[in-house]
Amino acid sequence: MIDLRSDTVTRPTEAMRRAMAEAEVGDDVFGEDPSVERLQREVAALLGKEAALFVPSGTMANQIALLVHARPGDEVVVSEGAHCAWYESGAGAAWAGVQFVVAGSGPMFDVDALDAAVKPRVYYYPRTSLVALENTHNRGGGRVLPQALVEAVAAHARSLGLAVHLDGARLFNAAVASGRTVAELAAPADTVSVCLSKGLGAPVGSLLAGDRARITAAHRLRKMLGGGMRQAGVLAAAGLHALAHHVAGLADDHRHARLFADAAARSPRLSVQPPETNIVMVDLPGVAASRPAEAYAARAKEAGVLLSVFGPTRLRAVTHRDVSEGDCARAGETLAALADAAQTP
Ligand SMILES: Cc1ncc(COP(=O)(O)O)c(C=O)c1O
């Protein structure tokens with residue numbers, strides 16, 4: 001099976017498993033795990049922030065950020081399809097008590113769209129407290145946000161008294177694709193989350209980084225949410241290994257995504273978004289009401305290719321460390337052949 005459902009399906013390599021087995025550990029709830037401490041220091045330095053906190057998932061990192069920046073009843077400005085609004089089980093409403101407001105359309109918005117989304121500071125409006133951006137943008141097809149726009153929007157947000165959080169679950173993909181460092185990409189944000197368990201190939205783990213005061217608050221919130229882990233150095237060691245050995249390989253994932261996209265686009269019946277990173281969105285022929293994506297995903301599975309349904313007429317493919325160049329080209333050809341065959345009576 002060629003599994004392109006997500007970059008989270010990778011298995012730890014032998015070398016990563018060895019690093020995990022050999023990790024120096026302690027009780028991290030007591031602040032005594034040297035591997036977790038080292039990971040937090042390294043990631044804070046990489047991201048150009050004062051401190052970082054190791055958490056079990058990207059969802060928890062985002063949710064802690066919402067709790068740090070907003071109060072119940074506040075509004076958080078996001079882009080269309082933001083992960084924190086779409087894929088976190090309504091947690092923003094349940095735990096932080098915030099509501100999301102979408103600015104503009106697509107993966108990024110401009111200063112005017114931000115202005116239009118922010119309510120006046122009058123008591124009967126919700127208070128807008130946070131702008132949450134996502135780089136790369138998952139539902140946007142792995143788009144890398146234009147950095148000049150991120151800087152302009154963050155500066156404007158700050159002038160309005162809003163904080164900025166960056167969901168950087170795939171920030172390393174954005175860095176590799178844009179030739180910028182993750183610190184440059186994170187600089188406009190007050191807090192930034194990164195995931196080790198996606199393209200970087202670690203089994204578990206994300207970090208939330210920011211200034212010391214916010215990360216101190218985040219530490220308490222992590223405990224409140226049940227995210228305090230004990231000998232978590234076993235997991236941190238996987239993350240340290242991933243940062244040392246797996247970042248450069250993201251460029252291969254991006255090349256493989258282009259191979260998949262080029263092969264799929266050979267069918268004139270498919271509309272394939274040219275990928276910027278490791279995510280490819282494919283729009284299928286047919287009307288939404290007949291939900292062709294589900295039928296295509298089922299047929300692709302029979303042909304040995306796993307894809308995610310991303311809408312009634314849309315499939316998503318994500319390349320990662322555990323699929324080869326040949327796998328990705330073959331998966332694209334398979335999808336193109338299915339589309340062509342569906343046309344023939
Ligand atoms: C952009 C983005 N943010 C956050 C997350 C959440 O990460 P996790 O699955 O570790 O909770 C994901 C997961 O796919 C994601 O794509």
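**Questions on a predicted model**

Biologist: In strand E13, which residue is the bridge partner of Ser308?

Modeller: The model is predicted: local features need pLDDT of at least 70 and side-chain atom pairs count only at pLDDT 80 or more, whereas totals for chains, interfaces and linings use all residues. Residues are numbered from 1 along each chain as its sequence is written, and side-chain values use heavy atoms, with hydrogens and water left out. Strand E12 and strand E13 (residues 314–318) run antiparallel and are joined by three bridges; strands (E, at least two residues) and helices (H or I, at least four) are DSSP runs, numbered from the N terminus. Within E13, the partner of Ser308 is Arg316.

Biologist: Which are the edge strands of the sheet?

Modeller: Two strands pair if DSSP finds at least two bridges between them. In an open sheet of four strands, antiparallel pairing gives the order E9-E10-E13-E12. The strands that each pair on one side only are E9 (271–272) and E12 (308–311).

Biologist: What angle does the direction of H12 make with that of E10?

Modeller: H12 packs on the sheet and touches E9, E10 (279–283) and E13, contact meaning heavy atoms within 4.5 Å. Axes are lines fitted to C-alpha atoms, for helices over the stretch in contact, and angles run from 0 to 180 degrees between N-to-C directions. Between H12 and E10 the angle is about 15°.

Biologist: How many charged residues does the contact of H8 with H12 have?

Modeller: H8 (residues 171–178) packs on H12 (residues 250–264) at about 80°, with the axes 9 Å apart. The two helices are therefore roughly perpendicular (65 to 115 degrees; under 35 is roughly parallel, over 145 roughly antiparallel, the rest oblique). Phe172, Asn173, Val176 and Ala177 of H8 meet Leu250, Ala251 and His254 of H12. By class (Ala, Val, Leu, Ile, Met, Phe, Trp, Tyr, Cys and Pro nonpolar; Asp, Glu, Lys and Arg charged; the others, Gly among them, polar), five of these residues are nonpolar and two polar, and the number charged is none.

Biologist: Is the crossing of H3 and H10 left-handed or right-handed?

Modeller: The axes of H3 (residues 58–69) and H10 (residues 212–224) come within 9 Å and cross at roughly 115°. A crossing is left-handed if the near helix is turned anticlockwise from the far one by less than a right angle, and right-handed if clockwise. For H3 and H10 the crossing is right-handed.

Biologist: Which residues of H1 make the contact with H11?

Modeller: The axes of H1 (residues 14–21) and H11 (residues 233–245) come within 8 Å and cross at roughly 140°. These helices are therefore oblique to each other. On the H11 side the contact is made by Val234, Leu235, Ala237, Ala238, His241 and Ala242. On the H1 side it is made by Ala15, Met16, Ala19 and Met20.

Biologist: How many residues apart are Tyr87 and Phe310?

Modeller: The count of aromatic pairs is four, where rings of Phe, Tyr and Trp (its six-membered ring) pair if their centres lie within 6.5 Å, with planes under 30 degrees apart stacked, over 60 edge-to-face and the rest tilted. Tyr87 and Phe310 form a tilted pair, 6.1 Å centre to centre with 35° between the planes. Tyr87 is in the loop between H4 (83–86) and H5 (91–96), Phe310 is in E12, and the number of residues separating them is 223.

Biologist: What is the phi of Ser89?

Modeller: Most residues other than glycine have a negative phi. Ser89, in the loop between H4 and H5, has a positive value, near 55°.
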